[in-house]
Amino acid sequence: MVHYINIPISKAKPGMILGSAVEDRLGRHLAESGSMLTAFVIDGLKNYGVQTLTVRFGRDEEGEADTILSPAARVAVMRLREPDPVKVQLTASVKQQVSKGIEYMYTVPDNKLMAGTVKSITLKLMNAIVRNKAVALNISELKTSDEYTFNHSVDVATISMIIAKAEGMSEHEIAEIGSAGLLHDIGKTLIPPEILNKPAKLTPEEFEVIKQHSRLSYDLVKKNPEISLSVAMAMLQHHEKTDGSGYPVGAMANLIHPYAKIMAVADIYDALVSTRPYKKAYTPGEAVDILLGMSSCLDMRALQTFMKVMVLYPVDSLVKLSNGETARVVKQNANLLLRPVVVGVKSGKVYDLSKIECANILIRS
């Protein structure tokens, strides 16, 4: 007999099976029904503010322990499962502190207090990324708040910092790119709200106004002795493209600051997966596909590093395959975040989505 019980998340334990899907306020799935809880998943749900879970207890009709895995699938999962690399962990309290700090900084862009505030926030992110030996990032767990500007700035900083770390940058450089990420959109505080928050497509004239935000961001910090020229240049150039098609000046690759090349990838990805008044959010998989389609105008090293360090489908998560099967993720494939190794939960069949024989199989959710 299978029982479904609602429990507070404080009572959740690794190994428990979810009896219903967990969604955030935007309807995005954080965890699927039937998936097994791990310590990582539980911490992630807590960070999202989830208070209660529905879990399954009991045995199925065949007397097997209650699980969605068939015996064959269970054997395959045990044989192939490789834990994800150490990921960035932002606790609920850190997210709250970071969110409040960035909101204060953007609401009251005081030049004298800006450097101290951004340093404090960057230190919290550094503790989660560098000091805790994190080498990867679950990109579905980033969001710190529902307010786009504050949230987006923290996301861009976090993604940029983990890319910078993977590229071998020093702690000083990682901290600087984090500061640039936090400040990169502060010029939007000077854009008329009726343009910035317009719930429809911008006119060409309005878009030209929006495009001024990177220069305005630069102007707000360029004379601040506590903010380096490198940080200021990254803020100025985060919308430049390596083929010269970006703005504000159409700089080519060799004239774009290394920080800005990384931030461009982070900024585009996070903008794509965010809901805005004029557009719905793309799924993480769709956003990655779009980024790959932009490879001719983005820095290839930054893009390849993004693909290497981001985790789109965490180990133990359930996914729906294009052939109709539900599968459990058991292993990541380096540099191929859209193509992990998965096991069909009923058939027990192993699909290494990086192999040519699985080329026609896609993850649908």
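**Reading a pocket and a sheet**

Me: Let's start with the pocket. Which helix gives the most to the lining of the second largest pocket?

Reply: Helix H11 does, giving 4 residues to that lining. Keep in mind that we are looking at a predicted model.

Me: How much space lies in the second largest pocket, and which residues are closest to its centre?

Reply: The general idea first: rolling a probe the size of a water molecule over the atoms shows where empty space is left. Here, the second largest pocket holds about 800 Å³ of space. It is lined by 29 residues, and the closest to its centre are Phe 207, His 239, Tyr 247, Ala 271 and Tyr 278. Two or more lining residues come from each of helix H5 (148-166), helix H7 (193-196), helix H8 (204-210) and helix H11 (258-272).

Me: And how many nonpolar, polar and charged residues does the lining have?

Reply: Sorted by class, you will find 15 nonpolar, 5 polar and 9 charged residues there.

Me: Now the strands. Are the residues on the two faces of strand S10 buried or exposed?

Reply: In a regular strand the side chains alternate between the two faces of the sheet. Strand S10 covers residues 341-344, with Val 341 and Val 343 on one side and Val 342 and Gly 344 on the other. These residues are all buried, and both faces are covered.

Me: Which way do S10 and its partners run?

Reply: Strands of a sheet pair through backbone hydrogen bonds, either parallel or antiparallel. S9 (residues 326-331) runs antiparallel to S10, joined by 4 bridges, and Ala 327 stands opposite Gly 344. S10 is also antiparallel to S11 (residues 350-352), with 3 bridges, and here Val 343 faces Val 350. S10 and S11 form a hairpin with 5 residues between them, and Gly 348 in the turn has a positive phi of about 75 degrees.

Me: What is the order of the strands in the sheet, and which stand at the edges?

Reply: The order is S8-S9-S10-S11, an open sheet of 4 strands with antiparallel pairing. Strand S8 (318-320) and S11 are at the edges; each has a single partner strand, so one side of each is left without a neighbour in the sheet. On average, neighbouring strands are turned by 40 degrees against each other, direction ignored.

Me: Which helix packs on the sheet?

Reply: Helix H2 (residues 71-80) does, touching S9, S10 and S11. Its direction makes about 160 degrees with that of S10.

Terms used. Residues are numbered from 1 along each chain as its sequence is written. This is a predicted model: local features need pLDDT of at least 70, side-chain atom pairs count only at pLDDT 80 or more; totals for chains, interfaces and linings use all residues. Side-chain values use heavy atoms; hydrogens and water are left out. On a 1 Å grid over the protein atoms alone, a cavity is a set of points where a 1.4 Å probe fits but cannot get out, and a pocket is an open set with protein on both sides within 12 Å along at least five of seven lines; lining residues have an atom within 4 Å of a point. Grid points are joined across faces, edges and corners, and a volume is the space filled by probe spheres set on the points. Ala, Val, Leu, Ile, Met, Phe, Trp, Tyr, Cys and Pro count as nonpolar, Asp, Glu, Lys and Arg as charged, and the others, Gly among them, as polar. Buried means under 20% relative accessible area, exposed over 50%, partly exposed in between (1.4 Å probe, protein chains only). Two strands pair if DSSP finds at least two bridges between them. Axes are lines fitted to C-alpha atoms, for helices over the stretch in contact, and angles run from 0 to 180 degrees between N-to-C directions. Contact means heavy atoms within 4.5 Å.
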